[in-house]
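Student: Could we go through the helix packing and the aromatic pairs here?
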Amino acid sequence: MVHSDSDNDWRFPALLLGLFLIAASLLGIAPRYRQDWLLENAVVLVALPLLAYGWHRLRFSRRACIALFAFLLLHEVGAHYTYSEVPYDAWFQRLTGYSLDRLLGFPRNEYDRLVHFLYGLLVTPMAVELLDRRAPPQSIWRWILPVTFVMSHSVVYELVEWFAAVHFGDGLGTAYLGTQGDPWDAQKDMALAALGSVLAMLAKAIGDELRRGRDCRRQASGP
């Protein structure tokens, strides 16, 4: 994968990091459930230092950094309200006068499902670049491994949620787990993350093909 000089500029990811820290700090003011907010941000507190430490070796593209930035912002919104209580339906009603949940037939708060889907969609670009650098896959594995990489993280996250629910019990454990009474919540979350990752790889395949076609036409037209 070829990166431009702008992708190697540390100032852009540093800007995104600064904006994220500001947003996370604001959303950390009076969250709905402070203990749940702390649990939700435990992964962020581990991931961000690792990304900052490894930046000079990995040098992710701007596209991958923007995608991760968007996902982390959505995660912070979920951490502020707790995922099962994000009032997106109330926001939609204030804007349009209609209930989004009623229009789409949602029986529950679907914000957590949205973020699981977007995890697959928005984290996959960075997974592709990480594998290209550390364990370059060949042929069809270039398309399979990023998806399975993201799926494995989704499985680990569901296991962490399970452990937290067992350890903390009712109240905090239930809020963190966020099943909202759905016995298949974990399976649906993992399936949505996988779907998002597959769509991200499909978008990459289409983009690569369009880019190759454009390069071929440019070469055929001559200097």
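Tutor: A term first: buried means under 20% relative accessible area, exposed means over 50%, and partly exposed lies in between (1.4 Å probe, protein chains only). The model is predicted, with local features needing pLDDT of at least 70, side-chain atom pairs counting only at pLDDT 80 or more, and totals for chains, interfaces and linings using all residues. Residues are numbered from 1 along each chain as its sequence is written, and side-chain values use heavy atoms, without hydrogens and water.

Student: Is tryptophan 91 buried, exposed or partly exposed?
Tutor: Tryptophan 91 is partly exposed, at 31% relative accessibility.

Student: Which residue pairs with tryptophan 91?
Tutor: Tyrosine 81 does, in an edge-to-face pair with 5.7 Å between centres and 70 degrees between planes. Rings pair if their centres lie within 6.5 Å (Trp by its six-membered ring); planes under 30 degrees apart are stacked, over 60 edge-to-face, and the rest tilted. Tyrosine 81 is buried, at 19%.

Student: How many aromatic pairs are there in the whole structure?
Tutor: The search finds 3. One of them joins phenylalanine 71 and tyrosine 119, whose centres are 5.3 Å apart with planes at 65 degrees, so this pair is edge-to-face too. Phenylalanine 71 is buried at 11% relative accessible area, as is tyrosine 119 at 19%.

Student: Changing topic, at what angle do α7 and α10 cross?
Tutor: Helix α7 (residues 111-134) crosses helix α10 (residues 185-221) at roughly 40 degrees, and their axes come within 7 Å. Helices are DSSP runs (H or I, at least four residues), numbered from the N terminus. Axes are lines fitted to C-alpha atoms over the stretch in contact, with angles from 0 to 180 degrees between N-to-C directions.

Conventions
Helices (H or I, at least four residues) and strands (E, at least two) are DSSP runs, numbered from the N terminus.
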